[in-house]
Amino acid sequence: MRLSRIFLHFCAAALTLTCATVSAQDREPVPMPVINTDSVMKHIVELSSETYEGRMAGTVGHERAVRYVENVLRRYGVREMKEQPFEVECNEIENCKFNIYIPGSKEKRVFTLGNEFCCAAMTGRGYVDAQMVFCGYGVDNGLLNEYKYVDVKGKIAVVLTGLPTWLPESVGSHYRSLRDKARTAERHGAIGMIAVNISPSCHSWEPQSRIYCGELPHLTTFPILQVTSDCGRELLTGEAMSLDAAIAAIDNDHKVSSFSTLKKAEIDINARYRPRATTVNVVGLLEGKDKDLRREIVVVGASLDGSGIQGETCIFPGADINASGVAAVLETARVLSDLDYRPKRSVLFVLFSGSEQQYLGSRAFINSYPRLHQVEAFVNVQNIGYGDSLVVLGDNRYPTLWKEALYCDTSVRTFDKSFGELQRIWPSILMRGNNKGDSVAVLDDCRFPLMKKVNSHTYQAGGRHDILITKEKSDPKGDARAFDAMGIPSLVITTHNGMQNNHVTTDIWENIDRRILTLATQLTSDLVSQIGEGLYQGRSPQSKAQRYRE
């Protein structure tokens, strides 16, 4: 009897091991739902509208966005809704004026907020009227001292964003952020700073704003502007050097190119700074259909917060960054709430706040979520509205989980839906015959160009999400870093060459590429559904026991 029990135990263990190591390629495809691009776009249009004022964490606009996503998740069948509160910096810029002039002249060049410039997100408030002094990248180290030959006391320092590539990281790390540059300028006696944005992640004519400006302390009464590179060229027109010549001298010749200008600048900023504003993550659980596997959780999440609004007209809509990712998460909730497609594992939908401030929301989630030991994987969706192809980050750290995404990219899908039901899901679907005489459902989107009719109620689709496969393997980034640090297998679904509208005023829904959005949202839904079936075992019981003891 004892030997029989041992034998049965051995067989059960072997079977468990076999199931846990089934490769993605050896499985039967899991029935996958088709996402509705119109539904995804509806969320992007809504969240990037003026109603939400750019969704900056800690503001009324973000609170409205929280109410919106909560209502959508409840409507889609996600019942266990919770909010995770935590604190962030919040600086609401109520108005700002900026102009330049030559002393003695009656003419002033008045710049428009949201057109030629914006305020640094963590600017101080105040009024200054003083001469401008160009100080290169704003570095005062022994290798590059750009304050050595100029006097900025009582004046406005004009600096470049970023750093010269030849400057060692050990030096450059002290001058990288806007707050680093502002503290350096203030230390030399400057009363304000204008940063000329030369980042390649936006066009030369559009303002760009990132909430994170560097570490505390906050410079309460030190105004900081960030102007476009085109505006920067205008500031230095007719001066000792042009902007492009000055940059070339520093970058190529390693020369200090600081000089006083003939012009003065007038800056007036009114901002309300709160060092500890409250914001929340939105967390909702869709319980799995398997009574045993529902204890295991797949997390899919995206950042909800954005760069906000300055004054009444300078709004950063955040359609791609990251209303697109939020919309993909909401659409995944919609399709998985269908009992026909409900995964065996439970799915946790998380919309993070504080992502614009060094991903504080994902760190707050990790620190407070009570069932973290039950999380099997994390799928992060970020910036999927532009680009030429999809990128799935994380294959270096989690190659097995990455293969799940690749499997979703290449396998054949079966839809147990009638043509009428498919029409309700995707109104643009058409029925026609192919050259083999088959009845074929055709979509106007590239995701499923052909869906072959197998019988009266089943369609098969062969399609690719167009994942870009590169030789260099990648690690999880963004909100996924907090999960990765805890040993939770994580992937990030994003796009390649998709950052041209990064934190700018032109990040509007009209610029969203429906093709790439459809591919990324479908991959998100497919991958979460695939992991939710329970065959993927990325976290060993030993790892869970070591990190999270119940």
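R272 is partly exposed, with a relative accessible area of 40%. Here, "partly exposed" sits between two cut-offs: buried is under 20% relative accessible area and exposed is over 50%, using a 1.4 Å probe and protein chains only. Keep in mind that this is a predicted model, where local features need pLDDT of at least 70 and side-chain atom pairs count only at pLDDT 80 or more, while totals for chains, interfaces and linings use all residues. Residues are numbered from 1 along each chain as its sequence is written, and side-chain values use heavy atoms, with hydrogens and water left out.

So what does R272 meet in a salt bridge? The partner is the side chain of E92, at 2.6 Å from N to O. R272 belongs to strand β8 (residues 259-286) and E92 to strand β1 (residues 80-101), so-called distant parts of the chain, 180 residues apart. E92 is partly exposed too, at 22% relative accessibility. A salt bridge here is a side-chain nitrogen of Lys or Arg within 4 Å of a carboxyl oxygen of Asp or Glu. Strands (E, at least two residues) and helices (H or I, at least four) are DSSP runs, numbered from the N terminus.

The whole structure has 18 salt bridges. Among them are these:

| Pair | N to O distance |
|---|---|
| R272 and E92 | 2.6 Å |
| D140 and R187 | 3.0 Å |
| K263 and E239 | 2.8 Å |

Take D140 and R187, which meet through their side chains. D140 is in the loop between β4 and β5, while R187 is in helix α5 (residues 178-187), so the pair ties together parts 47 residues apart in sequence. D140 is buried, at 17% relative accessible area, whereas R187 is exposed, at 54%.

Now for K263 and E239, joined by a salt bridge.

Next, strand β5 (residues 156-160). How many of its five residues are buried? Five of the five are, so to speak, under cover. I156, V158 and L160 point one way, and A157 and V159 point the other.

β5 also has neighbours to pair with, where pairing takes at least two DSSP bridges between two strands. With strand β4 (residues 126-134), β5 pairs in the parallel sense over three bridges, and V133 stands opposite A157. With strand β6 (residues 192-196), the pairing is parallel over five bridges, and V159 stands opposite A195.
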